[in-house]
2 protein chains.
Amino acid sequence: MKAVTAKNSSRDAILRAAERVFGELGYHGASMREIAMEAKVAQALLHYHFKTKEALYVAIFEQRSQLINDRRQARLQELRKKGAFDLRAVVEVFALPAPDMFDDPRQNYESYQQMAAAVSVGHDTRSVALVKSCYDGISKQFIDAFMAAVPELTKAAATWCYLYALGIRRQAELQTDRAARLSGGKNPSPPAWLVAFIEAGILSIAQTSAGRKKTAKGRAPTKRKPQ
Amino acid sequence: MKAVTAKNSSRDAILRAAERVFGELGYHGASMREIAMEAKVAQALLHYHFKTKEALYVAIFEQRSQLINDRRQARLQELRKKGAFDLRAVVEVFALPAPDMFDDPRQNYESYQQMAAAVSVGHDTRSVALVKSCYDGISKQFIDAFMAAVPELTKAAATWCYLYALGIRRQAELQTDRAARLSGGKNPSPPAWLVAFIEAGILSIAQTSAGRKKTAKGRAPTKRKPQ
DNA sequence: TAAATTTGACTGATCGATCAGTCAAGAGAA
DNA sequence: TTCTCTTGACTGATCGATCAGTCAAATTTA
């Protein structure tokens with residue numbers, strides 16, 4: 001009656017239910033009982049498939065982050081193949097989701113965004129470890145992409161620009177309700193201002209003395225990076 | 001033996017201890033028992049002073065946010081008195097803490113930043129209510145300040161610029177460890193690049209067609225802000 | 001059949017909250 | 001002064017509820 005679909009059907013049902021409950025209540029606020037109820041399975045089944053609450057939490061991140069990061073990485077690679085990086089294009093890959101990024105493990109993407117936001121601001125060991133294992137890779141690629149697109153950028157400057165951009169993207173994803181409240185009115189879909197904002201911010205840092213590479217004495221850096 | 005200092009000494013001790021524990025573990029992760037241990041008082045005393053866990057959580061925000069918002073508001077007022085707003089100055093008030101903002105309820109400011117970050121990304125009722133009551137006021141003032149400094153900005157554009165800036169500031173406050181890891185090296189105090197980044201981002205939005213007020217037919221507002 | 005999956009019943013630990021009661025300090029009356 | 005009475009601050013013990021996790025038995029799948 002339950003295994004009508006695939007053989008992993010209830011495992012996936014647990015993952016999606018956990019995503020919703022974790023997203024809404026956070027790691028500690030969510031309970032295995034409630035996740036089981038949301039997934040309509042017995043609580044013991046969660047432990048059969050995922051052993052512990054923490055492992056279930058991690059499993060969600062591994063599934064989601066790999067899917068999303070692979071997608072962004074592919075688009076970055078595509079840009080790289082076309083020739084030199086254009087900063088605007090790189091920022092667009094970073095900031096704007098590919099239309100197919102939401103549909104693979106259906107729905108729930110907003111819940112995952114909640115989880116990702118909580119993890120990325122958390123300083124507890126679990127959050128730090130998850131960020132390191134799931135996001136440091138793609139982060140370094142974008143930092144390199146920023147440096148390739150704007151050769152004047154120091155690595156430290158590019159790193160901070162990326163972190164700033166992350167903060168902006170998270171706000172764009174999560175704060176549409178608050179934006180409507182603060183601007184006092186109707187709530188259209190969040191405008192794509194973040195691309196222009198990020199691009200201008202990065203370019204301004206590249207012109208700052210502290211964010212610019214020193215090549216010859218005070219001279220503007222001439223060379224692009226080799227490849 | 002305990003009331004050697006002020007009459008509110010243990011109440012304040014509880015507040016500071018709660019700040020540390022809530023900051024490290026989050027609302028659900030923190031327990032009244034651990035807060036009581038950290039404050040070195042009986043657990044029942046927490047309920048005596050604050051009634052419930054939630055009320056204790058709220059009390060921390062009321063104390064801290066009022067202090068910080070008042071300080072920023074005063075600096076904004078000071079700018080207003082001096083004449084027309086300069087965008088750079090407004091952004092500096094927003095992004096850079098006054099040196100005395102950390103010292104009043106001593107230490108623990110990093111813990112409070114953790115709490116504030118968790119609340120500002122949370123979509124649960126408690127977080128939303130807290131943001132609304134503690135932060136909407138100062139937010140509207142900064143949005144107005146942005147519009148005064150850059151008259152071309154639509155209210156919607158100014159609102160999103162403010163939210164982006166919030167995301168950037170949070171990253172600058174909380175991600176120094178990750179920045180050091182990603183840039184692969186030593187970790188100086190987080191550079192003040194965020195001011196230039198935010199300023200450039202806002203100015204770029206003001207030049208976007210969607211973020212700019214329409215004055216005459218399609219005509220571009222030509223000048224930068226006076227001053 | 002054997003293996004994989006799923007369940008209900010259960011455990012010990014810990015949660016937030018409540019309780020009656022202790023203790024020192026202050027107020028008013030003598 | 002001394003004796004009562006009240007009050008605010010504080011505590012140890014304990015409540016029922018809920019937590020993550022376990023296990024043997026039942027069910028489904030191959």
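Ala, Val, Leu, Ile, Met, Phe, Trp, Tyr, Cys and Pro count here as nonpolar, Asp, Glu, Lys and Arg as charged, and the others, Gly among them, as polar. This is a predicted model, where local features need pLDDT of at least 70, side-chain atom pairs count only at pLDDT 80 or more, and totals for chains, interfaces and linings use all residues. Residues are numbered from 1 along each chain as its sequence is written, while chains are lettered from A and ligands numbered from 1 in the order in which they are written.

**Around DNA strand C**

- DNA strand C is surrounded by 17 residues (near means a C-beta atom, placed from the backbone, within 6 Å).
- The closest are A:V41, A:A44, B:S31, B:H47 and B:T52.
- By class, this surface near DNA strand C has eight nonpolar, six polar and three charged residues.
- Helix 3 of chain A gives the largest share, four residues (helices are DSSP runs of H or I, at least four residues, numbered from the N terminus).

**Where the chains meet**

- Chain A and chain B each bring 47 residues to the contact (C-beta atoms, placed from the backbone, within 7 Å).
- On the side of chain B that touches chain A, helix 8 of chain B gives the largest share, 13 residues.
- That side of chain B divides into 25 nonpolar, 15 polar and seven charged residues.
- The copies meet through the same surface, because 100% of the interface residues of chain B are also interface residues in chain A.

Key
Helix = DSSP H or I, 4+ residues; strand = E, 2+ residues; numbered from the N terminus. Contact = placed C-beta atoms within 7 Å.
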